[in-house]
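This report covers a pair of packed helices and some aromatic rings. Please look at the sequence and the model first.

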Amino acid sequence: MLLNKLKESISQIFSPKEQEKKISKKEIISRILLHRMVGKSPIEGISTIMKYDEYKYSSVGSVSKSLSAIGAILPSVQVIPVDEIIEIKTVSDEIFIGSQPILITLEPISSTILSIELANDRKKDTWLEHIEKIESSGKIKIVGMVTDNGIGLRGAIDEREISWQPDTYHAIAHRLGKWVDILERRAYKRIDVEYDRKRVISSAKTKKIINKRRYKYNKARKKSEEAIYIYESFLYLYSYLIGQLQPFHSSGKLRNRDKATENIKVALELIESLKNEHINKQVTSIEKILPELLNYFDESQKAIKRCKELGIDEETLTMLTLVWQWDRAVTKAKKDKKKRAKAEYLFYLEYAKDILKESYERLKIEVFSQLDNILQASSMVENINSILRPYLDGSRNHITQEFLNLFAYYHNHRQYNAGKRKGKSPMEILTKKRENKGWIELLTDEVERVEPDFFV
C-alpha cells in the first residue's frame, strides 16, 4: 500500500515545478484593448475573462481605469503624421447618445476620423470651435465640407469661408423619398375602396339604392384615379430628380451642371403642381439650397481634366467612368435595384478588362483615384456610426470623451479586412505612408512616449 502511494507521488515530488504564468502589465493592457476594441466587449465582460485567466489588473475598476487613462492620453483631434499642410474636403455630422450630440468630422475617401467629441449642443460656436481645433495643428486645411443643412454647422462653415456642398441624400432623398411609399399606399387604399364600392352594387335590391351605391362608386373611382395619377407622376419626377444628381450620364459622359440645375427646377415645379402641402414644404427647402446643390459637378470636371492630363484617351476614360459609376450604384442601391446595378457593373467591368487587357489595373487606379474626389453625401458618417453603435449599446449609452479618443485611434490605425481599402488603415490611405506596426503597438508606443512609466 505504501509502495503504491509512493509511485503516485514520486512524479510530483521529483519533477520540476511548473513555473507560474507571468505576463507584463503592458501585455495585460494590450489584451484588455483587444477585448474592448476588437471584441467590442463591455468592461464587465472583459473583467470576467481576465479573472478566468488569472491575470492581474482584472477587476472592473482596474479595467475601466486603464482604458480611461489611455483615452485621456490620446487627443480628441487626431494627429496626422504629414510633413506639409494637406488640403482636404471633409464630411461632418452629429451622432446622438440620447439627446447629447457627438460631433464628428472625417476625411471620407480614407475614412480617417479627424475629430470626434462629446458636445453640450450643436450651435454655431460649438461647431466653429470643433473646426478650428482640427486646423490648429497646422497640418490640415479644410477647403470644403459636405454636410446637411443644419443651422449651427452651416453657420460655422460660412464664417470660416469654407466651400459648402449640401448632402444630396439629405437634400433630396431624405426629404422626398418617403413620399413614394406614402403615395403608393394611399393609391392602393383608394383602389380598395373603389373595388368595395363596386362589389356592393350588385347586392342592391331597389333602383334607389343601386343609384346611391353607383354614385358612391363613381366618386371612389375618381379618387382612386386621382391618387394613382399623383403617385405615378411623383414617382416619375422623383426618379428624374435623382437621375439629375448623377455627375455622369448613363453613357459615361459628363452631365452639364447648368442643364441639370434647370431640369431640377422644372421637376420641382411639376411636383408642386401636384398640390400636396407637405411635399411642397420640402420642395421649398430644396429650392433654397439649389444654387449649391450641384457644386460637386465642378469637381467632376476637374477629375476628368486631370485624367486627360495623365494621357488617358476619351474612350478609355468613358469605359472606366461607367465601371466607377455602376460600382457606386451597387453600394447605394436598395434590394430591388441592386441586382440590375450589379449586372451593369459586371458588364462594363468585363468590357473594360477585355479592351484594356494588362493595362486595366493601372488605369483603373489612376482614374478611380480622381473620380473618388467627387463627394455628394456625408454617408461616411453613418458608416462610422454603425461601427461605433455596438460600443454605445454595450455601455448602455454611457460614453466618455476618453473612450471616443480611443475609438478614433483604433479606427484610424486598424487595417480594413475587406473592400477596396483591404489591407490598409485609414491613416495609411490619408497620408500615403505605410505603418510598420499594428494599431496596438502604435498605441502602446504613443502611451509610453507621453507617459514613460505607464506600463511599469
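Which residues form one aromatic cluster? Phe 347, Tyr 348 and Tyr 351 do.

## Basis

This is a predicted model in which local features need pLDDT of at least 70 and side-chain atom pairs count only at pLDDT 80 or more, while totals for chains, interfaces and linings use all residues. Residues are numbered from 1 along each chain as its sequence is written, and side-chain values use heavy atoms, without hydrogens and water.

## Aromatic pairs

The whole structure holds 11 aromatic pairs (ring centres within 6.5 Å, using the six-membered ring of Trp; planes under 30 degrees apart are stacked, over 60 edge-to-face, the rest tilted). One of them, Phe 234 with Tyr 238, is stacked, at 6.1 Å centre to centre and 10° between the planes. Both residues lie in helix α9 (residues 207–244), 4 residues apart, about one turn of the helix; helices are DSSP runs of H or I, at least four residues, numbered from the N terminus.

Phe 234 has 0% relative accessibility and therefore counts as buried (under 20% relative accessible area, with a 1.4 Å probe and protein chains only). Tyr 238 is at 13%, so Tyr 238 counts as buried. Phe 347 and Tyr 348 form an edge-to-face pair, 5.1 Å centre to centre with 80° between the planes.

## Helices α13 and α14

The axes of α13 (residues 314–332) and α14 (residues 335–356) come within 8 Å and cross at roughly 155°; axes are lines fitted to C-alpha atoms over the stretch in contact, with angles from 0 to 180 degrees between N-to-C directions. The two helices are therefore roughly antiparallel (over 145 degrees).

Key:
Angles under 35 degrees count as roughly parallel, over 145 as roughly antiparallel, 65 to 115 as roughly perpendicular and the rest as oblique. Buried means under 20% relative accessible area, exposed over 50%, partly exposed in between (1.4 Å probe, protein chains only).
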